[in-house]
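Please open the model in your viewer and keep the selection panel at hand. This tour moves from one selection to the next and says what is to be found at each stop.

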Amino acid sequence: MRICRTSSKAVGAVGAVKAVKAVKAVGFWWLTAGPAVAAATAQTLTQDEALRLAFPPPATIERRTAFLTEEQLGRAKALAGPDVDVTSRVVTYYVGHSCGPSAPCGRSGRPLGVAYFERHRVRTLNEVLMFVVSPEGRITRVDILEFLEPPEYRASPRWLGQLLGRGLDGELSLKGAVVNLTGATLTSRAITRASRRVLALHQVIAPLKTPSP
Amino acid sequence: MRLIRWRRAGAALAVTAWCTSGLMAQEPDTTEIARLKAQIDAITREIEELKLGREVVARADTAQYGLGPAASKVYRAPEGVSLGGYGEVLYEHFREVREDNQLSGRTDQLDALRLIAYLGYKFSDKFLFNSEIEFEHGSTGRGGEASIEFAYLDYRLSSRLGLRGGVLLVPMGLINELHEPPTFLGTTRPLTEQVIVPSTWRESGVGVFGDVGDLAYRVYLINGLDAVGGGSSAASGFSGGGIRGGRQNAARALVEELAGVGRLDYTGVLGLTVGGSAYLGNSGQNRTVTTAGGSVDLGARTLIWEGHLAYQWRGLDLRGLFAMATVDQAAALNVARSLTGAASVGERMVGWYAQAGYDVLRSTRTGHQLVPYVRYERVNTQDRVPAGFAANPANDRRIVSLGAAWRPIGNIALKADYQFQHNEARTGVSQLNANLSYLF
């Protein structure tokens, strides 16, 4: 009887040790297998991957390039605002088209949105973003493709989320409704400017009113 | 009639020939247009690649070094050096008289207070080095210094957990880790974050950090403060004015006593940071001191804790912080430091401030910011002193700062404020400050 009790205690102890080990293992896995390291540090997506996230199959993606006139460039600058640089007259963008049993595919498909890619300097290094603009001219998606500054300066998904649904107006600015990123003001400023630049170019190019080349 | 037929036939032939020649001319044009289109497409792709970078535009399916597409990305991601920096110049104009109308004896000062270079290096997506090298007061030959503010290695296992080691900024308060002058209001740092949370406070150690949901944490094990100072220590020791002198600044630091420090911030609401931190460790560094009661091991256990809040919303900039420090064996520490009477180290130190600013140019289209602000601060570094010692009323201070910050761009700030300095000894000297700062 005594032996049995000892044995059951021993079994219980072994069980407890196993349970502790299991908890430790799960805890370690949870801590280390959180959101991917890449998502917290440098490059996270290629252009192709980002486009596929924005316009998942069976949608089709059409690549286009707009060549702005001087007048159009000036208009984009005016729309973007005084502290936003708009310098390039060659703007490549991607139009997503719906494709399915009830909709034709390709260029004749219903436009889902337009994706623009933006590279700009944060502090001394660059980041690359993808902005997706809805047919109504509002930001529907922002993805960070590359971020080369130290990760503590990187904008969180929550911070990026405040840009969603916004159009080109006075609220889309750090003086408006966009909240600064504590400890990373240069990042928040750079992204807000980029979003204004993209929407200004979107208005000038009017890609969903312009027929495909 | 025949002539008419011939004429008709001739006309038809001419039309046919014209049409044919038109078609023949059109065919090469179409080919030419297609060729030009292809060339333009190639050029725009090159431009796009130059703009966005080869790494981004590269297709995800190009496996390298035998790795799968996703795993091979690390080999495409550019690595290397990251540079940055900031600096500030501070002008201080002191009143000629103190609160009690006695001559203050203070002289105005213009100081190249700080020039900092950030240097970072990314070995890979997981391993990073980050550092800050600081030059203070213009010249090391004239009372200035060159210091390592921080220099650490990060090993990021995931966003939830990273390991950090090296010279670390102690994660306390609002200023110590985020001290670039253009980012905060005020020409000088709040006094609470100079004497109770002694920023810029760095020590050597190791720790963990990460984000779990809306919570950000850091927990470090570092060398403890040195409350006594002197000898081989770089510290000068605690004083009646606070614990600032206990910093060892990672310079041949005594590590007879280790300390732990942890911080937790909630960032679940955009623009809001609310959290707290605590530091606990013995500051005696294994010294013994001979008091009237005999030889005593000087532990001088030091607990510092603080709670903070920062909120920015639509031009509004609010900040508040409360900090308290307690030091055990303060009487023995006074003996070790030969402090008597009102020069005693405080057994308890308390400080807090509240600050508000608003960008009055918010509704304009200009990118400039003009932020008038006010800060109210109370600090008492001798809130409680050990029996047999007295508190110096000059250490019970109240400061009201009124000023404005002009930021023509976010990286540059010109700040000016007037600080009404009051203390219970009525020896406060108010001052007018101007600060020019930049960061990049």
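The stops below begin with confidence, then pass through one chain and on to the other.

**Before selecting anything**

Residues are numbered from 1 along each chain as its sequence is written, while chains are lettered from A and ligands numbered from 1 in the order in which they are written. This is a predicted model, in which local features need a pLDDT of at least 70 and side-chain atom pairs count only at pLDDT 80 or more, whereas totals for chains, interfaces and linings use all residues. For the complex, the predictor gives an ipTM of 0.70 and a pTM of 0.80.

**Colour by confidence**

Colour both chains by pLDDT, which is the predictor's confidence in each residue, from 0 to 100. Chain A has an average of 83, and 79% of its residues score at least 70; chain B has an average of 88, and there 88% of the residues score at least 70.

Now select residues 1–7 of chain A, where the pLDDT stays under 50 and the model has 0 contacts beyond four places in sequence; two residues are in contact if their C-beta atoms, placed from the backbone, lie within 7 Å. Residues 35–42 of chain A also have a pLDDT below 50, but this stretch has 24 contacts in the model beyond near neighbours in sequence. In chain B, select residues 59–77, over which the pLDDT stays under 50 and for which the model has 25 contacts beyond four places in sequence.

**Chain A as a whole**

Read from the N terminus on, the elements follow the order α-α-α-β-α-β-β-β-β-α-α. Of the 213 residues in chain A, 42% are buried, a residue being buried if 20 or more other C-beta atoms lie within 10 Å of its own, exposed if 12 or fewer, and partly exposed in between, with C-beta atoms placed from the backbone. Among the contacts in chain A with a separation of 6 or more, 59% are between residues 24 or more positions apart.

**The sheet of chain A**

Which order do the 5 strands of the open sheet in chain A take? The order is β1-β2-β3-β4-β5, and the pairing is antiparallel; two strands pair if DSSP finds at least two bridges between them. Select β1 (60–67) and β5 (139–147) of chain A: they stand at the edges with a single partner strand each, so one side of each is left without a neighbour in the sheet. On average, neighbouring strands of this sheet are turned by 25° against each other, direction ignored.

Next select β3 (residues 111–121) and β4 (residues 126–133) of chain A, which run antiparallel and are joined by 8 bridges; here R121(A) stands opposite N126(A) in β4(A).

**Helix α6 of chain A**

Select residues 185–205 of chain A, which form helix α6; its 21 residues should span 30 Å at 1.5 Å a residue, and its end C-alpha atoms are 30 Å apart, which agrees. The expected span is 1.5 Å times one less than the number of residues. Is α6(A) mostly covered or uncovered? It is mostly covered, with 20 of its 21 residues buried. Just after α6(A), look at A206(A), which takes a positive phi of about 45°.

**Across to chain B**

Chain B has 5 helices and 18 strands, and 40% of its 440 residues are buried. Select β1 (residues 80–94) and β2 (residues 109–122) of chain B, which run antiparallel and are joined by 12 bridges; G87(B) stands opposite L115(B) in β2(B). From β2(B), move to β3 (residues 127–136) of chain B, with which β2(B) pairs in the antiparallel sense over 9 bridges. These two strands form a hairpin with 4 residues between them, and K122(B) has L128(B) in β3(B) as its bridge partner.

**Last stop: T427(B)**

Finally, select T427(B), in the loop between β17 (412–423) and β18 (431–439) of chain B. T427(B) counts as partly exposed because it has 16 C-beta neighbours inside 10 Å. Leaving aside residues up to four places away in sequence, T427(B) touches R98(B), E99(B), D100(B) and A394(B).

Technical notes
Axes fitted to C-alpha atoms, helices over the stretch in contact; angles between N-to-C directions.
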